[in-house]
Amino acid sequence: ASLLASIANAEWNYGIGSGIGASSYDGDLKISGLGTLDVEYDQDDFESGIGAAGFATDGTWVFNLSGSSVEYESKDSISGQASTKNTFERTFAEFTVGYVAYQKDAITLTPYLGINYTNHDWEFKSSTDKADLEDSWIDAVFGLKFAYKINDEWTWNNSANYSAGDSEGCFGVKTGVSWEFAEHWVAGANVGYESEELEGTDGGQDFDYDTDVTTFGLTIAYT
């Protein structure tokens, strides 16, 4: 209701976009009673994925909504056992509200807060064991965006965030450039890093997931 009331009294701008990306996962998954699974996924293990993001802003308030789902399949190793075949699915959604706290010349600073949802599902088996683990986490997220307008068409974008709640704490940074190549159309390129520490339980089996994710992306949006 607040958003609709604000729209009625302000000039709002909107956008929606998607893109392509390449991610690299490096970490481990410790499973009680089984051992430690090396988490190593890259584009060679990629099976499928889908994602999109949208925003609404009046120049002061910025609302963002994004979501994605990816699936990887790989042959990795568990300590003390033969190699395993495993499937990893990750679903993620996030909603944030930002406030343009500083805007002068070419610089814009926007702190934001919100909530995100993460769901992980692993299925793997070896010659001696098999497991199917699934859990989800809801975190509060706090972040800061820094934008530097190079000229009328190009902008340098940076962001950092920290989220915690159900998780043990997740941290992420991203930098990239965006190019307004035509009226209402913006393309971008970015590189990001995320560190995730998650603890979960499924069917009485405890597990710890600790990994680093590096991502390179190309995006396009209609605004």
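I looked up isoleucine 31 and found that its bridge partner is glycine 35 in strand 2. (Strands are DSSP E runs of at least two residues, numbered from the N terminus, and two strands pair if DSSP finds at least two bridges between them.) Strand 1 and strand 2 pair in the antiparallel sense over seven bridges, and they form a hairpin with three residues between them, where glycine 33 in the turn has a positive phi of about 85°.

Before going further I noted that this is a predicted model, in which local features need pLDDT of at least 70 and side-chain atom pairs count only at pLDDT 80 or more, while totals for chains, interfaces and linings use all residues. Residues are numbered from 1 along each chain as its sequence is written, and side-chain values use heavy atoms, with hydrogens and water left out.

I then followed strand 1 to its other partners. With strand 12 it pairs in the antiparallel sense over 16 bridges, and glycine 21 stands opposite glycine 217 there. Strand 1 (residues 13-31) is also joined to strand 3 (residues 46-57) by five bridges, again antiparallel, with isoleucine 16 opposite glycine 54.

Next I turned to salt bridges (a side-chain nitrogen of Lys or Arg within 4 Å of a carboxyl oxygen of Asp or Glu), of which the structure holds two. Glutamate 194 forms one with arginine 90, the closest N and O atoms being 3.8 Å apart; because glutamate 194 lies in strand 11 and arginine 90 in strand 5, the pair ties together parts that are 104 residues apart in sequence. Glutamate 196 also bridges to arginine 90, with the closest N and O atoms 2.7 Å apart, so that Arg90, Glu194 and Glu196 are linked in a network of salt bridges.

Last, I looked up the negative surface patch, whose members include Asp38, Glu40, Glu199 and Asp206. (Patches are made of residues with over 30% relative accessible area and no salt bridge, like charges being joined within 9 Å and nonpolar side chains within 5 Å.) Strands 2, 11 and 12 each give two or more residues to the patch, and the largest share, four residues, comes from strand 12. Glutamate 199, found in strand 11, is partly exposed at 41%.

Methods:
Accessible areas come from the Shrake-Rupley method with a 1.4 Å probe; for residues, only the protein chains shown count as cover. Lys and Arg count as positive and Asp and Glu as negative; His and the chain ends are not counted. The place of a charge is taken as NZ of Lys, CZ of Arg, CG of Asp or CD of Glu. Buried means under 20% relative accessible area, exposed over 50%, partly exposed in between (1.4 Å probe, protein chains only).
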